[in-house]
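Please examine the model shown below.

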Amino acid sequence: MLEKRLSTERRHAPKKIAYNDLDLSNWKQYDDILTDSLWDIPSRERSAGHKLDYHGNCVPQILTQMLKRYTKAGETIVDFFLGSGTSAIESHRLDRRCIGIEIQPAMVDYVQEKIQELGADASTQIINADSSDKTWTGKKIRQALQETNLTHSQFAFLHPPYADIIRFSSLEKDLSNADSTEAFLEGFQRVAELAFEVLEKNRFAALVIGDKYTDGELIPLGFYCMERMNRAGFKTKSIIVKNMTGNEKGKGRTANLWRYRALAGGFYLFKHEYVMVFQKP
Ligand SMILES: C[S@@+](CC[C@H](N)C(=O)[O-])C[C@H]1O[C@@H](n2cnc3c(N)ncnc32)[C@H](O)[C@@H]1O
């Protein structure tokens, strides 16, 4: 009888992972957690304050997957390219904290307001800064972490401009204004190094990035940035190929024009981007 009870208890004893809240003794219940490397997300999540209000914002589902998989409730993430604040909204919804860095003062004000309306100001700290300035921005991030008695963050999110595909501002240090691919990658590498420095050991980082064409040649920004993450010290864990929803070329009225260009130019239209996952050893 006692033996039977012990074996039942053992079977139901929670089996925890160090860096998330999943209980592997019930692993079959996590239907919502993706584990395949090909993501076909049919439409953008629009609940909980998420909206398509910024050209170039990512679908919230990327953050949902990353936060559930790589963080625990109450933990702190740093988003090095906050944009319209998708990560801050999703962190609040999932009971995490978010420190967001954004270079454009206007976006900082906009997200600040949005966050207040959603009641997420207590879980969000926004820093108006250049993420590639390791000294000044690093100091600001450490101060923000210190406010909740932390020395390091528990997750890093990097969704940089895809080089010059969308010019986000006219600010010199905006990575979308880098005057060559090499200059973009050098700036990105400094951000990767800062992300590495402020991240807790054994924790994870996600990079969302797409490739681009220049003068008829494919520039594999995704792989170039992955290599810069590795140079910064990160180990690559996964490369996820995700469909682009809502922000891709070749949709609507221009679809035929782009299809014609692809046929005439011998290339393929981008319908995917990457979510790359890294770990700090
Ligand atoms: C692809 S968007 C990020 C979108 C964001 N994930 C969202 O869902 O809204 C890139 C953002 O990086 C910002 N940015 C560009 N260069 C930067 C830099 N050096 N430091 C901080 N932010 C930068 C741009 O202003 C832009 O808002």
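Helix 5 and helix 6 cross in a right-handed manner; a crossing is right-handed if the near helix is turned clockwise from the far one by less than a right angle, and left-handed if anticlockwise. Helices (H or I, at least four residues) and strands (E, at least two) are DSSP runs, numbered from the N terminus. This is a predicted model, in which local features need pLDDT of at least 70 and side-chain atom pairs count only at pLDDT 80 or more, while totals for chains, interfaces and linings use all residues. Residues are numbered from 1 along each chain as its sequence is written, and side-chain values use heavy atoms, with hydrogens and water left out.

Two packed helices are described by the angle between their axes and the distance between the axes. The axes of helix 5 and helix 6 are 11 Å apart, and the angle is about 30°; axes are lines fitted to C-alpha atoms, for helices over the stretch in contact, and angles run from 0 to 180 degrees between N-to-C directions. Helix 5 is therefore roughly parallel to helix 6 (angles under 35 degrees count as roughly parallel, over 145 as roughly antiparallel, 65 to 115 as roughly perpendicular and the rest as oblique). On the side of helix 5, Lys134, Thr137, Gly138, Ile141, Arg142 and Leu145 meet Arg190, Glu193, Leu194, Glu197 and Val198 of helix 6, where contact means heavy atoms within 4.5 Å. By class, this contact comprises 4 nonpolar, 2 polar and 5 charged residues (Ala, Val, Leu, Ile, Met, Phe, Trp, Tyr, Cys and Pro count as nonpolar, Asp, Glu, Lys and Arg as charged, and the others, Gly among them, as polar).

Helix 6 itself covers residues 181-198. Its 18 residues reach 26 Å from the first C-alpha to the last, close to the 26 Å expected at 1.5 Å a residue, the expected span being 1.5 Å times one less than the number of residues. Its buried residues include Phe184, Leu185, Phe188 and Gln189 (buried means under 20% relative accessible area, exposed over 50%, partly exposed in between, with a 1.4 Å probe and protein chains only). The buried residues of helix 6 pack against helix 5, strand 5, strand 6 and helix 7. Within helix 7 lies Glu227, which is partly exposed at 35% relative accessibility. The C-alpha atoms of Glu227 and Gln189 are 9.1 Å apart, although 38 residues separate the two along the chain.

Attention now turns to helix 3. Because 6 of its 8 residues are buried, helix 3 is largely enclosed by the rest of the structure. The buried residues are Thr86, Ser87, Ala88, Ile89, Glu90 and Ser91, and their packing partners include helix 2, helix 4 and strand 5. The axes of helix 2 (residues 60-70) and helix 3 (residues 86-93) come within 9 Å and cross at roughly 50°, which means that helix 2 is oblique to helix 3. Pro60, Leu63, Thr64 and Leu67 of helix 2 make this contact with Thr86, Ser87, Glu90, Ser91 and Arg93 of helix 3. The residues of the contact divide into 3 nonpolar, 4 polar and 2 charged.

Which loop holds Asp95? Asp95 is placed between helix 3 and strand 3, and its phi is positive, about 65°, although it is not a glycine. Asp95 is exposed, with a relative accessible area of 52%. Asn149, in the loop between helix 5 and strand 5, likewise has a positive phi, near 60°. The relative accessible area of Asn149 is 68%, so Asn149 counts as exposed.
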